[in-house]
Amino acid sequence: MLMADNHTLPSALSPSSASTFSQCPQRWKFRYIDRLPDPPGRAALLGTFAHAVLEHLFQEQPQSRTKEKAKLIASALWPETDNDPNFIALELDDQEKTEFKHDCMSAFNGVWEIEKYQPEMVDVESTELDVQVQLGDVPFRGIIDLVHREEDNLIVSDFKSGKAPKTARDEDEKMKQVLLYAAALQEENDEHIEKVRLVFIGSRTNKDYERVVTTKLMQEPVNELHQTWKEIQSSCTTGSFKTKTGPLCEWCPYVDKCIDGVNQVIQRFNAGRIRADAPAMKIFGWTGKAITQVAK
Ligand code: SF4
């Protein structure tokens with residue numbers, strides 16, 4: 001850990017940590033400095049489960065990577081999720097729990113719909129690879145879902161259980177994570193990465209979300225990472241973490257600790273613009289009535 005004046009800098013910066021800081025420095029402080037819990041919701045737990053099944057599956061010998069094997073792995077992993085305090089905290093009723101288990105048991109199946117990722121054909125180099133490397137001034141850390149070879153070329157892939165991007169801009173934004181992984185892996189191994197890919201196992205799509213890796217292409221996300229790290233260092237030194245209010249406040253687990261966020265979600269609630277499943281609804285115990293008292 002590196003010490004700044006008032007706050008302790010984290011020992012490494014991951015893409016998700018950098019992204020949280022860009023979204024809202026105050027939220028980042030709650031999460032990474034104050035270390036307040038950020039419990040995963042249903043979708044995140046489902047994604048974690050699917051990742052775990054695929055990680056174990058790709059560690060098997062190619063001929064053993066069958067759907068039956070995946071089901072066995074899923075059954076063996078299920079008790080871990082079932083007993084996870086974050087899962088218990090979802091307070092699902094019996095019907096919802098059955099649905100969640102069913103969704104978990106099929107979440108990983110999407111990989112068989114994707115031509116390039118037929119599990120028995122993938123030439124695996126590593127799964128869940130923990131890369132920790134210095135990228136310029138930034139102590140970078142990332143976990144890479146899959147590194148494999150296609151005709152001797154190295155490919156870096158990240159599995160996504162959420163929806164595929166709808167716009168080119170959204171796709172470019174999501175690609176930055178895997179481009180950072182490629183930059184880090186090249187820095188660590190000094191071996192060229194040919195392509196990066198996002199693999200949307202939940203979207204049943206064969207569209208390629210990939211980029212041919214070039215130094216120029218990696219430069220933008222690496223520069224952004226440097227900029228974010230500088231801003232984090234500055235915030236930790238001055239103790240000033242700005243709030244960035246917006247629609248994401250209703251999904252922020254710390255909204256009840258943030259006056260700007262409270263005011264933002266009250267406005268959105270009264271305007272009928274808050275989603276019923278947003279965590280803010282549960283945090284404040286809101287129903288359908290307008291709220292008149294605004295936090296000061
Ligand atoms: S509630 Fe909004 S402004 Fe406050 S910390 Fe969370 S995201 Fe940031």
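## Thr-238 and the end of the chain numbering

Thr-238 lies in helix α8. Helices here are DSSP runs of H or I with at least four residues, strands are runs of E with at least two, and both are numbered from the N terminus. Thr-238 is exposed because it has 12 C-beta neighbours inside 10 Å. The cut-offs are these: a residue is buried if 20 or more other C-beta atoms lie within 10 Å of its own, exposed if 12 or fewer, and partly exposed in between, with C-beta atoms placed from the backbone. The C-alpha atoms of Thr-238 and His-7 are separated by 8.8 Å, although the two residues are 231 residues apart along the chain.

The model is predicted: local features need pLDDT of at least 70, side-chain atom pairs count only at pLDDT 80 or more, and totals for chains, interfaces and linings use all residues. Residues are numbered from 1 along each chain as its sequence is written.

Ala-12 is in the loop between β2 (8-9) and α1 (15-23). It counts as partly exposed, because 14 C-beta neighbours fall inside 10 Å. Ala-12 and Pro-139 are 127 residues apart in sequence, yet their C-alpha atoms are 4.8 Å apart in space. Leaving out residues up to four places away in sequence, Ala-12 touches Gln-132, Pro-139, Phe-140 and Arg-141. Two residues are in contact if their C-beta atoms, placed from the backbone, lie within 7 Å.

Pro-25 belongs to helix α2. Pro-25 is buried, because 20 other C-beta atoms lie within 10 Å. Its contacts, apart from neighbours within four places in sequence, are Ser-235, Phe-241 and Lys-242. Pro-25 and Phe-200 are 175 residues apart along the chain, and their C-alpha atoms are separated by 29 Å.

## Nonpolar cores

In soluble globular proteins, nonpolar side chains tend to be buried together. A nonpolar core is a set of buried Ala, Val, Leu, Ile, Met, Phe, Trp, Tyr and Cys residues joined through C-beta atoms within 7 Å. The largest such core in this model has 53 residues, and Phe-108, Val-156, Tyr-181, Ala-182 and Val-196 touch the most other members. Helix α7 (residues 168-189) gives the most to this core, with 9 residues.

Tyr-181 is in contact with Val-131, Gly-142, Ile-144, Val-156 and Val-196, not counting residues up to four places away in sequence. A second, separate core has 12 residues, including Phe-30, Cys-258, Phe-269 and Ala-278.

## Helix packing

Two packed helices are described by the angle between their axes and the distance between the axes. Axes are lines fitted to C-alpha atoms, for helices over the stretch in contact, and angles run from 0 to 180 degrees between N-to-C directions. Angles under 35 degrees count as roughly parallel, over 145 as roughly antiparallel, 65 to 115 as roughly perpendicular and the rest as oblique. The angle between α1 and α2 is about 135°, with their axes 5 Å apart. These two helices are therefore oblique to each other. The contact involves Ser-17, Thr-20, Phe-21 and Gln-23 of α1, and Pro-25, Arg-27, Trp-28, Arg-31 and Tyr-32 of α2. By class, it has 4 nonpolar, 3 polar and 2 charged residues. Ala, Val, Leu, Ile, Met, Phe, Trp, Tyr, Cys and Pro count as nonpolar, Asp, Glu, Lys and Arg as charged, and the others, Gly among them, as polar.

The axes of α7 and helix α8 (residues 215-238) come within 9 Å and cross at roughly 95°. That makes α7 roughly perpendicular to α8. Lys-176, Leu-179, Leu-180, Ala-182 and Ala-183 in α7 meet Leu-217, Met-218, Pro-221, Val-222 and Leu-225 in α8. This contact has 9 nonpolar residues, no polar ones and 1 charged.

## The ligand shell

The ligand is surrounded by 14 residues, and the closest are Cys-24, Cys-249, Cys-252, Cys-258 and Gly-261. A residue is near a molecule if its C-beta atom, placed from the backbone, lies within 6 Å of it. The shell contains 7 nonpolar, 4 polar and 3 charged residues.
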